[in-house]
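Student: Before we discuss any labels, could we look at the chain together and ask what stands behind each of them?

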Amino acid sequence: MGRRRAPELYRAPFPLYALQVDPSTGLLIAAGGGGAAKTGIKNGVHFLQLEQIKGRLSASLLHSHDTETRATMNLALAGNILAAGQDAHCQLLRFQTHQQKGKTKAEKAGCKEQGPRQRKGAAPVEKKSGAETHQERIELSVENLQAVQTDFSPDPFQKVVCFNHDNTLLATGGTDGYVRIWKVPSLEKVLEFRAHEGEIEDLALGPDGKLVTVGWDLKASVWQKDQLVTQLQWQENGPTFSNTPYRYQACRFGQVPDQPTRLRLFTVQIPHKRLRQPPPCYLTAWDGSTFLPLRTKSCGHEVISCLSVSESGTFLGLGTVTGSVAIYIAFSLQRLYYVKEAHGIVVTDVAFLPEKGRGPELLGFHETALFSVAVDSRCQLHLLPSRRSVPVWLLLLFCVGLIVMTIVLLQGVFPGFL
């Protein structure tokens, strides 16, 4: 039996580094590029239209936004506004969609260029699971808004960007170790403080205003504005390796399913130094209010590169430096899906198909869908089949009914059977 493979959804003309999915339109947004080097490799943000075609999820290029000499390395999405990390700067982009009026010149000429797939006179999208979801042809436009420098180290680079819960503020972190908070969309700076000695690797904003940052100084800190609330204590509460220092690679808040007022924090811990025989990496769930660890599990010896949490907080998605992709259930940290070296090179970002908006109609009969991008320029699709099965009580009831029916039939054939 050959190695399990994930279907390739899209291939860009440049390395891909960042990924977002718009829940309202179902657009998949992938960004990257070759940077300022004169290699001929483009830089851009691609907007892909997702559709169900004959029971399969497919993507077609709807719009390509040229970012000139700037490669987009990280993205955050708030409604129709994108915050794009480009070198030492954060660029805000606004995209808008509208129905296309009339036919394009290409359509009139009978051109068969690849574009958003559709049927002529397509019926309105059906809500039924597994139905084809051909949308009317739409157009998309992108507008450059404000841009601001967000990192000021000798080799400045924005590593992470995140919106707050109501999309009025934007948090950025980079190689100089400072967190900076900006108003949206003016990008007026409202707060700045030193969060780590060295690079900030990731940050996450909770709905209560708390901010979690993780850095190369091996610390994970919880902040209320610029005041330190607490530091996460993983090594003290989890597996201990006296000769193996670990650092926090990623942090994400996620809802507690069926308890929308509660949150969990998820972190990934990786060895701080590369070793010939690498120790395991770890995935940890924390209480979102006390920030005490709930459970920790090993997630293998491949170094984790990125983390994503599904909209409902049910699933976790992981990408690795060696190109593998995995899906875990958030409550138990049990691995449900794994493709070894799906990309064969570092996975730079993963994102779940949202569970609201157009998500359910695009998902079909699967339980969740995870997208992954990598330096190999590919966007891949990872589908988790539904784990729903017939309840045990229903099976038992069926068995009892079958036994009773058998006894009745035997009594009819053999009157003295019992």
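Tutor: Let us begin with Leu-77, which sits in strand E6, spanning residues 74-78, and keep in mind that this is a predicted model.

Student: Why is Leu-77 called buried?

Tutor: The relative accessibility of Leu-77 is 18%, and since buried means under 20% relative accessible area, Leu-77 counts as buried.

Student: Which residues is Leu-77 in contact with, once its neighbours within four places in sequence are left aside?

Tutor: With those neighbours set aside, the contacts of Leu-77 are Gln-20, Val-21, Asp-22, Leu-82, Phe-95 and Phe-163, where contact requires heavy atoms within 4.5 Å.

Student: What makes the meeting of the Arg-94 and Glu-143 side chains a salt bridge?

Tutor: The N to O distance for Arg-94 and Glu-143 is 3.4 Å, and because the definition asks for a side-chain nitrogen of Lys or Arg within 4 Å of a carboxyl oxygen of Asp or Glu, the pair qualifies as a salt bridge. This pair links distant parts of the chain, for Arg-94 belongs to strand E8 (residues 89-99) and Glu-143 to strand E9 (residues 138-149), 49 residues apart.

Student: Why is Glu-143 called partly exposed?

Tutor: Its relative accessibility is 40%, and partly exposed covers what falls between the buried limit of under 20% and the exposed limit of over 50%, so Glu-143 counts as partly exposed. Arg-94, with a relative accessible area of 25%, is partly exposed by that reasoning too.

Student: How do you know that Arg-252 and Asp-202 meet in a salt bridge, and what does the pair tie together?

Tutor: Their side chains come to 2.6 Å, N to O, which is within the 4 Å cut-off. Arg-252 lies in strand E18 (residues 246-256) and Asp-202 in strand E14 (residues 200-205), so the pair ties together parts that are 50 residues apart in sequence.

Student: Are Arg-252 and Asp-202 buried or partly exposed?

Tutor: Arg-252 is partly exposed, because its relative accessible area is 29%, whereas Asp-202, at 5% relative accessibility, counts as buried.

Student: What makes Arg-262 and Asp-287 a salt bridge?

Tutor: The N to O value here is 3.9 Å, and since the cut-off is within 4 Å, this pair also counts as a salt bridge.

Terms used: Residues numbered from 1 in each chain as written. Predicted model: local features only at pLDDT ≥ 70, side-chain atom pairs only at ≥ 80, totals over all residues. Heavy atoms only, no water. Helix = DSSP H or I, 4+ residues; strand = E, 2+ residues; numbered from the N terminus. Buried < 20%, exposed > 50% of the residue type's maximum accessible area, 1.4 Å probe, protein only.
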